[in-house]
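This briefing sets out the overall form of one protein chain and then turns to selected sites within it. Please read it alongside the sequence and the model.

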Amino acid sequence: MGRFTVCDHPLIQHKVTFLRDKHTDTKQFRELVDELSTLMAYEVTRDIPLETVTVETPVAKAEGKVVAGRMLGLIPILRAGLGMVEGMLKLLPSAKVGHIGLYRDPETLKPVEYYFSVPSDVTERELIVLDPMLATGGSANAAIAALKKRGCRPTKLVCLIAAPEGVKAVQEAHPDIDIYVAALDQYLNDHGYIVPGLGDAGDRLYGTK
């Protein structure tokens, strides 16, 4: 079973509180998502392997550690996942970015893929799927399945707010995926919204209420 991690650093908890606040405007909301994504990148990359190199300081030679050539890719789920990309890239500037677009079929309520674009070397990269909200888990599961179907290696799912139902759904469908969240909330209501949650992340990111 993949790891489930709540990134509960005090700064993350602080920013999540303001992210939830209905009085936080679009500009502030966007900035908070960006900042939270950067902070979470520390936890998400904790297991990246290192190798030893030698450098010359102004005084003497010294051994140090550098990231051991790990090739990463970021895969935001459109549209809300886009809000997390720049924050992650601040710490992972060499990561390449792909995109998966999904919408919910109004009759079956299942996610339908309408867009898939990834870097040409995607199969050589360890992929991190990004989506601010993990509610039912339907979109995350569909995105991960779409990547696997094409021979890709998704290994991590990063979300800001999650419901227990969504976490369970991803763990059951993709037990090899590590899940990272900034907060684990109480439950999903009858409309599929996370409680207490923060509303619709896409609407709040882009002002489309």
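For the charge count, Lys and Arg are taken as positive and Asp and Glu as negative, while His and the chain ends are left out. On that basis the chain carries 24 positive and 27 negative side chains, and the centres of the two sets are 1 Å apart. The model is a predicted one.

**Overall form**

- The chain contains six helices and 13 strands.
- Its radius of gyration is 18 Å, close to the 17 Å given by the globule rule for 209 residues, so the chain is as compact as a globular protein of that length.
- The C-alpha trace spans about 65 × 40 × 30 Å along the principal axes of the chain.

**Packing and surface**

- Of the 209 residues in the chain, 44% are buried.
- Among contacts with a separation of 6 or more, 63% are between residues 24 or more positions apart.
- The accessible surface of the chain amounts to about 11,000 Å², and carbon and sulfur atoms contribute 53% of this surface.

**Helix H2: Asp-34**

- Asp-34 is located in helix H2.
- Asp-34 has a relative accessibility of 15% and therefore counts as buried, the cut-off being under 20%.
- The side chains of Asp-34 and Lys-90 are joined by a polar contact of 2.3 Å.
- Apart from neighbours within four places in sequence, Asp-34 is in contact with Gly-83, Glu-86, Gly-87 and Lys-90.

**Helix H2: Thr-38**

- Thr-38 also belongs to helix H2, which covers residues 26–44.
- With a relative accessible area of 16%, Thr-38 is buried.
- A polar atom of the Thr-38 side chain lies 2.7 Å from the backbone oxygen of Gly-87.
- When neighbours within four places in sequence are set aside, the contacts of Thr-38 are Gly-87, Met-88, Lys-90 and Leu-91.

**Cis peptide bonds**

- Most peptide bonds are trans.
- Leu-78 and Arg-79, however, are joined by a cis peptide bond with an omega of about 5°.
- Arg-79 is in the loop between strand E4 (72–78) and helix H3 (85–89).
- A cis peptide bond also links Val-195 to Pro-196, with an omega of about 0°.
- Pro-196 is in the loop between strand E13 (194–195) and helix H6 (201–206).

How values were computed
Residues are numbered from 1 along each chain as its sequence is written. This is a predicted model: local features need pLDDT of at least 70, side-chain atom pairs count only at pLDDT 80 or more; totals for chains, interfaces and linings use all residues. Side-chain values use heavy atoms; hydrogens and water are left out. Helices (H or I, at least four residues) and strands (E, at least two) are DSSP runs, numbered from the N terminus. The radius of gyration is taken over C-alpha atoms; the globule rule is 2.2 Å times the number of residues to the power 0.38. Buried means under 20% relative accessible area, exposed over 50%, partly exposed in between (1.4 Å probe, protein chains only). Contact means heavy atoms within 4.5 Å. Accessible areas come from the Shrake-Rupley method with a 1.4 Å probe; for residues, only the protein chains shown count as cover. The place of a charge is taken as NZ of Lys, CZ of Arg, CG of Asp or CD of Glu. A polar contact is a pair of N or O atoms within 3.5 Å; within protein, one must be able to donate a hydrogen and the other to accept it, and residues adjacent in sequence count only if both atoms are side-chain atoms.
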